[in-house]
Amino acid sequence: MGLDTGKPLSTLHEKASYDVADFAVPTGREEEWRFTPLSRLKGLHEGVAASANVVVQVDAAPEVTVETVGRDDQRVGKAYVPADRVSAQAYASFEKATVVTVAREAVASKPTVITFTGSGQGAAYGHTVVRLEPMAEAVVVLDHQGSAVYADNVEFVVGEGATLKVVSLQDWADDAVHVSHHHALLAKDATFRGFVVTLGGDLVRLSPSVAYDGPGGDAELNGLYFVDAGQHLEHRLLVDHSRPDCRSNVDYRGALQGQDAHAVWIGDVIIRVEAEGTDTYELNRNLLLTDGARADSVPNLEILTGEVAGAGHASASGRLDDEHIFYLQARGIPFEDARRLVIRGFFAQLLEKIEVPELRERVLARVEAELEK
């Protein structure tokens with residue numbers, strides 16, 4: 001299939017195709033790849049990695065239908081066209097896709113948990129589709145664990161008036177490599193709440209994106225990451241406002257510690273000419289806990305109409321506030337406890353937005369474990 005000329009005007013998203021051949025092998029000099037250490041991708045960007053397996057298991061709510069389908073299923077690839085070579089490679093290479101469907105007006109009584117478990121060093125490719133029909137409501141958890149070299153695409157198709165809440169947890173083993181695109185397509189008056197938690201892995205590069213297929217769509221993209229020595233955790237977001245009277249809000253926060261801990265956050269918001277009445281804001285904050293850690297944060301806002309309800313962005317990276325630490329120490333709290341309290345406070349507002357209590361507790365415990373290192 002050829003190139004899609006209807007993609008955003010931003011040069012970071014100028015090309016989209018299902019065909020791997022339409023994308024040159026990255027060299028690292030391209031803007032979209034300049035932050036990513038290609039040598040650590042284990043061949044994912046070249047398509048030469050040996051094949052392996054990632055086991056997909058689904059614990060579904062009773063109201064949810066789960067199917068394993070072939071590449072020819074018409075529901076696969078309808079909401080998202082790959083936007084870089086790894087994404088196209090994943091689309092060309094997966095054998096079976098997981099399709100999760102919530103029927104019209106159904107309200108899922110519990111979260112549907114999709115667990116991805118890696119068990120080897122070769123490359124695996126996957127595809128997941130989550131479909132909510134009009135007026136449906138559901139919570140979906142994507143839980144990644146084990147050791148893998150994994151590239152995949154995830155499509156979230158949210159029907160008219162439907163509400164989908166997603167938590168994607170990257171809790172990989174220390175040697176894992178994961179490159180993934182998450183794309184949400186929102187119909188009229190649809191609501192999407194996406195929460196990304198990235199803690200494990202040697203190199204993780206996630207690209208969440210949102211597009212609107214009708215007015216009144218409402219999207220929130222939240223993210224929390226903790227980067228250790230030598231880790232590379234990269235999040236590249238795109239919100240493409242192409243319909244009137246839609247809303248988006250982005251809030252990603254990360255903490256980094258250790259030599260060569262590296263976080264990359266790219267936030268692109270595009271408001272097209274026809275997207276009058278758009279209300280959008282994006283925020284990224286990074287807390288550098290030690291020397292030797294590096295955070296690259298690049299918010300981009302492209303506005304092509306003067307009729308917006310609100311549009312803004314902010315980015316900040318810095319060290320722990322000495323005044324906050326001193327305030328707590330002055331009240332008898334030891335330094336390490338004071339440090340832990342400040343970092344927990346940094347993440348607290350976001351953690352509250354994780355809808356699944358046991359998952360929220362698991363993430364908090366993992367953050368606490370990071371602080372003990």
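Which side chain meets that of Glu 370 in a salt bridge? The partner is Arg 366, with 3.6 Å from N to O. A salt bridge here is a side-chain nitrogen of Lys or Arg within 4 Å of a carboxyl oxygen of Asp or Glu.

The structure is a predicted model, in which local features need pLDDT of at least 70 and side-chain atom pairs count only at pLDDT 80 or more, while totals for chains, interfaces and linings use all residues. Residues are numbered from 1 along each chain as its sequence is written, and side-chain values use heavy atoms, with hydrogens and water left out.

**Salt bridges**

A search of the whole structure finds 25 salt bridges. Three of them are listed here.

| Pair | Distance, N to O |
|---|---|
| Glu 234 and Arg 236 | 2.8 Å |
| Arg 362 and Asp 171 | 3.2 Å |
| Glu 370 and Arg 366 | 3.6 Å |

The bridge between Arg 362 and Asp 171 links distant parts of the chain: Arg 362 belongs to helix α4 (residues 357–371) and Asp 171 to the loop between β6 and β7, 191 residues apart. Helices (H or I, at least four residues) and strands (E, at least two) are DSSP runs, numbered from the N terminus. Glu 370 and Arg 366 both lie in α4, four residues apart, or about one turn of the helix. An α-helix has 3.6 residues a turn, so residues three or four places apart point the same way.

Burial is judged by relative accessible area: buried means under 20%, exposed over 50%, and partly exposed in between (1.4 Å probe, protein chains only). Asp 171 is buried because its relative accessible area is 17%, whereas Arg 362, at 27%, is partly exposed. Glu 370 has a relative accessible area of 1% and is therefore buried; Arg 366, at 23%, is partly exposed. Both Glu 234 and Arg 236 are buried. A network of salt bridges links Asp 143, Asp 171, Arg 362, Arg 366 and Glu 370.

Seven of the nine residues of helix α1 (residues 85–93) are buried, so the helix counts as mostly covered. The buried residues are Arg 85, Val 86, Ser 87, Ala 88, Gln 89, Ala 90 and Tyr 91. At the start of α1, the backbone nitrogen of Val 86 has a side-chain oxygen of Asp 84 within 3.1 Å. Phe 23 counts as buried because its relative accessibility is 7%.

**A cavity lined by strands**

The whole structure contains two cavities of 30 Å³ or more. A cavity is a set of points, on a 1 Å grid over the protein atoms alone, where a 1.4 Å probe fits but cannot get out; lining residues have an atom within 4 Å of a point. The volume of the second largest cavity is about 100 Å³. Its lining comprises 14 residues, of which His 182, Phe 192, Gly 194, Val 196 and Pro 208 are the closest to its centre. Strands β6 (163–170), β7 (177–186), β8 (191–198) and β9 (203–212) each supply at least two residues of this lining. The most comes from β8, with four residues.

Technical notes
Polar contact = N/O pair within 3.5 Å; in protein donor to acceptor, adjacent residues only side chain to side chain. 1 Å grid on protein atoms, 1.4 Å probe; cavity = no way out; pocket = protein on both sides within 12 Å on 5 of 7 lines; lining within 4 Å. Points joined across faces, edges and corners; volume = space filled by probe spheres on them.
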